[in-house]
Amino acid sequence: MEDIYWQGMNGEVVTVTQNRLDVTITSPVDGEYFSSQFNQSITVNAFDESAVARVNFYVGGSHLHTDYSAPFTFYYNIDSNGFFNIQARAFDNSGADRYSKLHTIYIGNFFRVIPATTVSSLVDDAEQTFLD
């Protein structure tokens, strides 16, 4: 953690401590598609200047597991079709916490909505559609 000092107009000095805690889901990647069931590890990198005390794992908003030591990993099985949100929450030794970016994975045989972009040309009135 890093302290920042600020002095107000009245001369009072205020100390602000910045939290350097960082947490990132490394596997599965956001938007990853699995043709059948998801049966693998959710892996998280977590860093803090002092130490990471624990990492909580969430699937669909529900807390399912806590890992107390690196590498932070949770083996999980999802055997139904659909999309699922995965998130991690890391805590440092002082109790500060930070959530990872939400990752969405897609499982099974269903159609994902792919946004389409239409470009119109003013020169020859041509129209073309691009899929992302």
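A residue is called buried when its relative accessible area is under 20%, exposed when it is over 50%, and partly exposed in between, as found with a 1.4 Å probe and protein chains only. At 7% relative accessibility, asparagine 56 therefore counts as buried. The structure shown above is a predicted model, in which local features need pLDDT of at least 70 and side-chain atom pairs count only at pLDDT 80 or more, while totals for chains, interfaces and linings use all residues. Residues are numbered from 1 along each chain as its sequence is written, and side-chain values use heavy atoms, with hydrogens and water left out.

The overall plan comes first. The chain contains 0 helices and 13 strands, where helices (H or I, at least four residues) and strands (E, at least two) are DSSP runs numbered from the N terminus. Of the 132 residues in the chain, 26% are buried. The chain exposes about 8,700 Å², and carbon and sulfur atoms supply 51% of this area; such accessible areas come from the Shrake-Rupley method with a 1.4 Å probe, and for residues only the protein chains shown count as cover. A contact means heavy atoms within 4.5 Å. Among contacts between residues at least 6 apart in sequence, 50% join residues at least 24 apart.

The interior may be considered next. In soluble globular proteins, nonpolar side chains tend to be buried together. A nonpolar core is a set of buried Ala, Val, Leu, Ile, Met, Phe, Trp, Tyr and Cys residues joined through side-chain atoms within 4.5 Å. The largest such core here has 20 residues, of which Ile42, Val44, Val55 and Ile105 touch the most other members. The elements that each give two or more residues to this core are β3 (22-27), β5 (38-47), β6 (52-59), β8 (72-78), β9 (82-92) and β11 (103-107). Beyond four places in sequence, valine 55 touches several residues, including Val44, Phe72 and Ala88.

Strand β6 also holds asparagine 56. The side chain of asparagine 56 makes a polar contact with the side chain of threonine 66 at 2.8 Å. A polar contact is a pair of N or O atoms within 3.5 Å; within protein, one must be able to donate a hydrogen and the other to accept it, and residues adjacent in sequence count only if both atoms are side-chain atoms. Tyrosine 58, likewise in strand β6, is buried, with a relative accessible area of 13%. Tyrosine 58 lies 31 residues from arginine 89 in sequence, but 8.1 Å from it in space, C-alpha to C-alpha.

The aromatic rings complete the picture. Rings of Phe, Tyr and Trp (its six-membered ring) pair if their centres lie within 6.5 Å; planes under 30 degrees apart count as stacked, over 60 as edge-to-face and the rest as tilted. The structure holds 4 aromatic pairs. In one of them, the ring centres of phenylalanine 57 and phenylalanine 74 are 5.7 Å apart and their planes stand at 45 degrees, so the pair is tilted. This pair links distant parts of the chain, since phenylalanine 57 is in strand β6 and phenylalanine 74 in strand β8, 17 residues apart. Phenylalanine 74 also forms a tilted pair with tyrosine 76, at 5.4 Å centre to centre and 35 degrees between the planes. Phenylalanine 57 is buried at 1% relative accessible area, and phenylalanine 74 is buried at 11%, whereas tyrosine 76 is partly exposed at 23%.
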